[in-house]
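Welcome! Here is a friendly briefing to read alongside the sequence and the 3D view.

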Amino acid sequence: MLKGYLFYIQNILQIVTFKKFRGWARKKTGRFALWCYKTFGGSITLQEDGFIRSIGLGVDGSLSFSLVEDNVGIYYDATTPSKLENILNSYDFTADKELMADAKRAMVYMLEHNISKYNSTAFVDKHIVEKYELNAVQKRVLLIAQTAGDASLEYGMLSSFSTDDMLNTAISENPDAKIYLKIHPDVLSGKKKSDIDIGEAKKHCTIIEEDLNPLSLLKYFDKVYTKTSGMGFEALLVGCECVCFGMPFYAGWGVTIDKSVCLRRQTQRSVEEVFAAAYILYTRYYNPYEKRDCDIFEVMQEIVKRRDI
């Protein structure tokens, strides 16, 4: 992956050579690459972390296992089309039996081993279950907090909804449920601020203060509410209902309860098809320890092997 200043140098050189512009999604390098492309023509490729990124947090410098490259837009920007959105609108998943078999096998392995975007956090254990009463008969609903300034919030078609709207809706739609709030790991690590006022949320929710593996936690919930978090898709993988206030990559295809509408997304897709599109067709995988390109299965196996070292 190129460093920021190298993107600028490369794109300036591309103005007078091949006009193949590249940048990091909606960050400054991506915006500069897009300006070059619109001004000088040629081609554009925007990059972003994949959905299974690393063992530790990216902000801590953990080596990355995956990358998406998009020549249309970027998956978290619902205000414009993206390569992923185009795949989901047009790909014939029924005809590609090998792809769907791989997707189902990958999903089974992911759920069995609790593979998430980041993979260094603890699994839910007996102590956590008891502390938060996760085995109680009462229905449990989870609100997923994100980080303040997250690009997916800016581009996720959220203009008509606030955090209070999400919280109040979760309470009103689930009067017999216990409401929980999961804080983003970058907030727990002190690297970033939360998009939700945690102090205010404590008046209405049980705050999960530990940094826990998302899939191992989601298995204890019936329903989740999110703006645009990727954890909402992981909730679908474990069988939760998922209510989206924004338009993340997995919303608008009939697998979520959507509070926003994206008119470009009119095709109905299954969770397996969304997974196949996002995690396999759209994402490139690389083993940073063996220094070679690989597939999703090698990445997950490498994570399982190394995350407890």
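What follows is a short tour of selected features, grouped by topic.

This is a predicted model, in which local features need pLDDT of at least 70 and side-chain atom pairs count only at pLDDT 80 or more, while totals for chains, interfaces and linings use all residues. Residues are numbered from 1 along each chain as its sequence is written, and side-chain values use heavy atoms, with hydrogens and water left out.

- Helix H13 covers residues 296-306; helices (H or I, at least four residues) and strands (E, at least two) are DSSP runs, numbered from the N terminus.
- Ile296, Phe297, Glu298, Val299, Met300, Glu302 and Ile303 of H13 are buried, where buried means under 20% relative accessible area, exposed over 50%, and partly exposed in between (1.4 Å probe, protein chains only).
- At the start of H13, Asp295 places a side-chain oxygen within 3.1 Å of the backbone nitrogen of Phe297.

**Thr283 in strand E10**

- Thr283 belongs to strand E10, and this residue counts as buried because its relative accessible area is 8%.
- A polar atom of the Thr283 side chain lies 2.6 Å from the backbone oxygen of Ala278; a polar contact is a pair of N or O atoms within 3.5 Å, where, within protein, one must be able to donate a hydrogen and the other to accept it, and residues adjacent in sequence count only if both atoms are side-chain atoms.
- Leaving aside neighbours within four places in sequence, Thr283 is in contact with Gly50, Phe51, Ser66, Leu67, Val68 and Ala278, contact meaning heavy atoms within 4.5 Å.

**Asn213, a buried loop residue**

- Asn213 sits in the loop between strand E6 (206-208) and helix H10 (214-218).
- With a relative accessible area of 1%, Asn213 is buried.
- The Asn213 side chain reaches the backbone nitrogen of Ser216 at 2.9 Å.
- Setting aside neighbours within four places in sequence, Asn213 is in contact with Asn114, Ser116, Thr121, Ala122 and Phe123.

**Partly exposed loop residues**

- Val238 is in the loop between helix H11 (231-237) and strand E8 (241-244), and counts as partly exposed because its relative accessibility is 26%.
- Apart from neighbours within four places in sequence, the contacts of Val238 are Leu111, Leu215, Leu218 and Lys219.
- From C-alpha to C-alpha, Val238 and Phe221 are 9.2 Å apart in space, and they are 17 residues apart in sequence.
- Ser162 lies in the loop between helix H6 (151-154) and helix H7 (163-173), and is partly exposed at 32% relative accessibility.
- Ser162 and Asn71 are 91 residues apart in sequence, with 31 Å between their C-alpha atoms.

**Positive phi angles**

- Most residues other than glycine have a negative phi.
- Lys19, although not a glycine, has a positive phi of about 55°.
- Lys19 is in the loop between helix H1 (4-15) and strand E1 (20-24), and is partly exposed at 26% relative accessibility.
- Met157 is not a glycine either, and its phi is positive at about 60°.
- Met157 is found in the loop between H6 and H7, and is partly exposed with a relative accessible area of 27%.

**Cysteines**

- The structure holds zero disulfides, a disulfide being a pair of cysteine sulfur atoms within 2.5 Å.
- The sulfur of Cys242 has its closest cysteine sulfur in Cys244, and at 3.8 Å this is too far for a bond.
- Cys262 is in no disulfide either, as the nearest cysteine sulfur, that of Cys244, is 13 Å away.
- Cys242 is buried with a relative accessible area of 1%, and Cys262 is buried with 6%.

**The cavity**

- The structure holds one cavity of 30 Å³ or more; on a 1 Å grid over the protein atoms alone, a cavity is a set of points where a 1.4 Å probe fits but cannot get out, and lining residues have an atom within 4 Å of a point.
- The largest cavity holds about 30 Å³ of space, its volume being the space filled by probe spheres set on the points, which are joined across faces, edges and corners.
- Its lining is made up of Tyr75, Ser82, Leu84, Glu85, Leu88, Phe249, Trp253 and Arg265.
- By class, this lining has five nonpolar, one polar and two charged residues; Ala, Val, Leu, Ile, Met, Phe, Trp, Tyr, Cys and Pro count as nonpolar, Asp, Glu, Lys and Arg as charged, and the others, Gly among them, as polar.

Conventions. On a 1 Å grid over the protein atoms alone, a cavity is a set of points where a 1.4 Å probe fits but cannot get out, and a pocket is an open set with protein on both sides within 12 Å along at least five of seven lines; lining residues have an atom within 4 Å of a point.
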